[in-house]
Amino acid sequence: MSAPASIPCGSKSVRGNDNGVDRLSSLSDDLLHHVMSFLPTPEVVRTSLLSPRWRNLWSSVPFIHINNKDFVVKNDVGTACFDNHKLENFVDHLLLLRDGTVSLDEVRVFITTRSSKKSSVWIRHAIKHKVRLLHISGFHHHLILDSTAMFSSLYLKRIRLRYVRLNDWFDKPLNYDWPVLEHLELVCCILDTRRISSSSLKNVVVV
């Protein structure tokens, strides 16, 4: 996937010191991934423009951070608004081109759409790639997740959901499909399920 946009590459911190030594690029992949973990994923992809050393580094990061605030455009009257189509297109290509052999430590997605179609695909990708922390926020819209979004995982330990609607199917994965889940956090969610129970849960937060 090509970088979404150009980024400034002329600073001394990118090019190296006065002797032309690029100390940052000489760090290990793990350390560079840690540095990149503080960036939103679109910025992580843009690092591929820095140098040949960085060209494919983005594809093996063990995290995905998507926020609709990174996809703001101006409409015909000059008002800033979220471009959900651009966001969805970016994430679709990201999942297609990232290194599928790399497990995911965490996935954080903040979106405005109420549709479960795209978000369910993204969540399935995260669980398939052994995500341990899953954080999904509907951002003041109650995102509706269908039962196909969540399936069995032996790795999922923490779930944080915000502005998400959970139907009665949520009981099954809690009790049978996530045997190592320890932390469940539900903020401003609509719960259609009658109970929240799991033998593995250590912390449950409902706000």
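**Entry 1: β5 and its partners**

I looked up the pairing of β5 with strand β7 (residues 158–162) and found the parallel sense, over five bridges. I took strands, like helices, as DSSP runs numbered from the N terminus, a strand (E) having at least two residues and a helix (H or I) at least four. Two strands count as paired if DSSP finds at least two bridges between them. In β7, I noted Leu161 as the bridge partner of Ile136.

The model is a predicted one, in which local features need pLDDT of at least 70 and side-chain atom pairs count only at pLDDT 80 or more, while totals for chains, interfaces and linings use all residues. Residues are numbered from 1 along each chain as its sequence is written, and side-chain values use heavy atoms, with hydrogens and water left out.

I then turned to strand β4 (residues 106–110), which pairs with β5 in the parallel sense over five bridges. Leu134 in β5 is the bridge partner of Val107, and Ser137 in β5 stands opposite Phe110.

**Entry 2: Cover of β5**

Is β5 covered on its faces, or open? I asked which residues lie on each side. Leu133, His135 and Ser137 are on one side, Leu134 and Ile136 on the other, and all are buried. Buried here means under 20% relative accessible area, exposed over 50%, and partly exposed in between (1.4 Å probe, protein chains only).

**Entry 3: The sheet**

I traced an open sheet of six strands in the order β1-β4-β5-β7-β9-β11, with parallel pairing. β1 (63–67) and β11 (203–206) stand at the edges with a single partner strand each, so one side of each is left without a neighbour in the sheet. From one strand to the next the twist averages 5 degrees.

Helix α4 (residues 84–97) lies across β1 and β4 and runs at about 170 degrees to β1. Axes are lines fitted to C-alpha atoms, for helices over the stretch in contact, and angles run from 0 to 180 degrees between N-to-C directions. Contact means heavy atoms within 4.5 Å.

**Entry 4: Ser200**

I located Ser200 in the loop between β10 (190–191) and β11. Ser200 is buried, with a relative accessible area of 15%. Leaving aside neighbours within four places in sequence, Ser200 is in contact with Trp178, Pro179, Val180, Leu181 and Glu182.
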